[in-house]
2 protein chains.
Amino acid sequence: MTPSQRTLEEIIAGIEPVDPVWIERARERTASLVMPARALGRLHDISEQLCGIQQSLQPSVSRKAFLVMAADHGIVDEGVSAYPQDVTGEMIKTFMAGGAGINVLAGQVNAEIHVVDMGIKSDPVLVGSDSGNRFLSRKVARGTTNFVRGPAMTGEQAEKAVLTGYQLAAELFEDGVEILGTGDMGIGNTTPSAAIGAVIAGAGLEAMVGRGTGIDDPALKRKREVIRLGIERNRPDAADALDVLAKVGGFEIGGIAGCILAGAYHRRPVIIDGFISTAGALIAAVLAPAAVDTMLAGHCSEEPGHRLMLRHLGLKPILDLGMRLGEGTGGALAMGIIEAAVRIFRDMLTFEQAGVTGKK
Amino acid sequence: MTPSQRTLEEIIAGIEPVDPVWIERARERTASLVMPARALGRLHDISEQLCGIQQSLQPSVSRKAFLVMAADHGIVDEGVSAYPQDVTGEMIKTFMAGGAGINVLAGQVNAEIHVVDMGIKSDPVLVGSDSGNRFLSRKVARGTTNFVRGPAMTGEQAEKAVLTGYQLAAELFEDGVEILGTGDMGIGNTTPSAAIGAVIAGAGLEAMVGRGTGIDDPALKRKREVIRLGIERNRPDAADALDVLAKVGGFEIGGIAGCILAGAYHRRPVIIDGFISTAGALIAAVLAPAAVDTMLAGHCSEEPGHRLMLRHLGLKPILDLGMRLGEGTGGALAMGIIEAAVRIFRDMLTFEQAGVTGKK
């Protein structure tokens, strides 16, 4: 069966928690390495999680990829962003030219970039580029509806967004990608993400809603009010992830949720980037709670609600560097740390191999 | 004048604070890059610090090196370590064979490793190895004296340790190394480091003294008592760094202090690793307070006193991953982040180059 033939029910049914036996075996290997017990801290937790996910004591992250999901948001009509909507498409051009933050950081760790139009209002104008990045047009629609006036999208569109993300990621995994990072682009997308965070993580809007790309105090007040109104009018059901996505979400957020489900289904680690990607992770975790086992939180964003989302998922971020760019940049930076964890696990000598005396 | 001809007074006199004009110029460049203002957080602070240190808007960290300073400690006679003293020399063999934590992590960022015997009790037995790492014998003495009974070393030895570290690092910088990481190896060396931290950072022994490689409760109690006795008997003068180093320090810690002074003198960034390296940084900062401007704190160690040392220096660690191995491993992992910061600064397009619309 090819990824495009699977239904969401089949995908969810195929997701199982990580088997603790693999973690236990991996911990034994860590204990044999030539250093005081677990002296590299989180690096050991990460490599052992990868052993659990990949069911192997030879975890591998050789082929790396990012799926950068882009879409537009009707909610920008309410003045919730500091940038005009055209920037979404303009940034796609920058990704394809190789000049954005994600290009620089993914380049450093030698990761591929696949940019997906999940629902940009216009059609990005791409001029010839030899940056080697791939562009895929998978528009669910030309931007969401302003969710103050009604649902952001239909239930069918929500499911299509998730399945599209699943299929794209599943194809990459079947093609040999061993670790995937999620990324986003979409002017206005901290607004649906905060709405999803408030509904699923059950946090208040004061704590969950931040300045996104850098709005001023009046716009921040308006952003909180708009989210409050959207939730009040649409009444999303926190236990029904597709309902939340349809009522206050976005197409790229649905796509990201699908990528995460693909990682869980195909037993491949997925690095969650920042605020928007973690909104996608919240959707994925409601659909399939065991999917959390395959998630790695790349970093903690400067966007204040991100910490609350991560806490709700029980994820501990790898980096905490005050970043808030999105695009997958936090995940790309963390990918270097994850690769280091794998190398330590695989390449360090044991006490025995090194001929070093053990603890007294 | 070659590095080996400079006196400590000349080195200290040649260290100046970073010129804020360079930081200001670098901030202007950051503001032009195609993203919301300073959206990559700490990465911008790091690249701008490098511009300030290197006095350039083209900061570069292409050639990277680690100086791993090793020595033995008389204080181990008091039972302050979980490992026997032979392990210091055995680990040198492992470094030269390419199988230790620092080899794996420095390898990932393509950094050279120079291992220095600053005062190991025995002579490390090195068998042929093609790992490409360099070993240098610069013994100040065969281990320090047990500082419970008197000073760990003489004043002359303390100065020699610092000058040796300076000379080795200065030669690397003059040879083209653009960024240096400090590393350490020395069974028992969290004990002198905690003593230095208590004296210079003025912290209590409960907070400053931790389990090092993993000692149990009775040994931890003994370690605190030994440090208390050593400080009481030797009365190190917190304002006189060489006096502190001589009375309760170690040869590798002096060497590390010298490396840091070399970075400050030659305007090259130095990544401080964990607890032992930061004890060296405390010595360097008392000798030349402006040296702090060229320091980057690679990570915050699991060793509890490390946070207090960093706070005293006003340094914010880049990583916080519960690591406590030393060798330079935290610095090596942070080197990838620092390189990412440099790449972002140099390689990202500006709004103008990308043709992306700015803030409303």
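1. Let's start with one residue on chain B. B:Glu206 is exposed, at 61% relative accessible area; exposed means over 50%, buried under 20%, and partly exposed in between, with a 1.4 Å probe and protein chains only. Keep in mind that this is a predicted model, where local features need pLDDT of at least 70, side-chain atom pairs count only at pLDDT 80 or more, and totals for chains, interfaces and linings use all residues. Residues are numbered from 1 along each chain as its sequence is written, chains are lettered from A and ligands numbered from 1 in the order in which they are written, and side-chain values use heavy atoms, with hydrogens and water left out.

2. What does B:Glu206 meet in a salt bridge? The partner is B:Arg224, at 3.5 Å from N to O; a salt bridge here is a side-chain nitrogen of Lys or Arg within 4 Å of a carboxyl oxygen of Asp or Glu. B:Glu206 sits in helix H8 (residues 205–208) of chain B and B:Arg224 in helix H9 (residues 217–234) of chain B, so the pair ties together parts 18 residues apart in sequence. Helices are DSSP runs of H or I with at least four residues, strands are E runs of at least two, and both are numbered from the N terminus.

3. Now for a network on chain A. Salt bridges with shared partners join A:Asp117, A:Asp123, A:Lys139 and A:Arg142. Within it, A:Asp117 and A:Lys139 have their closest N and O atoms 2.6 Å apart. This pair links distant parts of the chain, 22 residues apart: A:Asp117 is in strand S2 (residues 111–119), and A:Lys139 is in the loop between strand S3 (134–137) and helix H6 (155–174). A:Asp117 is buried, with a relative accessible area of 1%, and A:Lys139 counts as buried too, at 19%.

4. Over all chains, the salt bridge count comes to 30.

5. On to the sheet in chain A. Six strands make an open, parallel sheet in the order S3-S2-S1-S4-S5-S6; two strands pair if DSSP finds at least two bridges between them. S3 and strand S6 (295–297) are at the edges with a single partner strand each, so one side of each has no neighbour in the sheet. Strand S1 (residues 64–71) pairs with S2(A) over eight parallel bridges, and A:Gly119 in S2(A) is the bridge partner of A:Ala71.

6. Finally, how do helix H10 (residues 241–248) and helix H12 (residues 275–287) of chain A pack? Their axes are 8 Å apart, at an angle of about 150°; axes are lines fitted to C-alpha atoms, for helices over the stretch in contact, with angles from 0 to 180 degrees between N-to-C directions. H10(A) and H12(A) are therefore roughly antiparallel, as angles over 145 degrees count that way, under 35 as roughly parallel, 65 to 115 as roughly perpendicular and the rest as oblique. The contact (heavy atoms within 4.5 Å) involves A:Ala241, A:Leu242, A:Val244 and A:Leu245 of H10(A), and A:Ile283, A:Val286 and A:Leu287 of H12(A).
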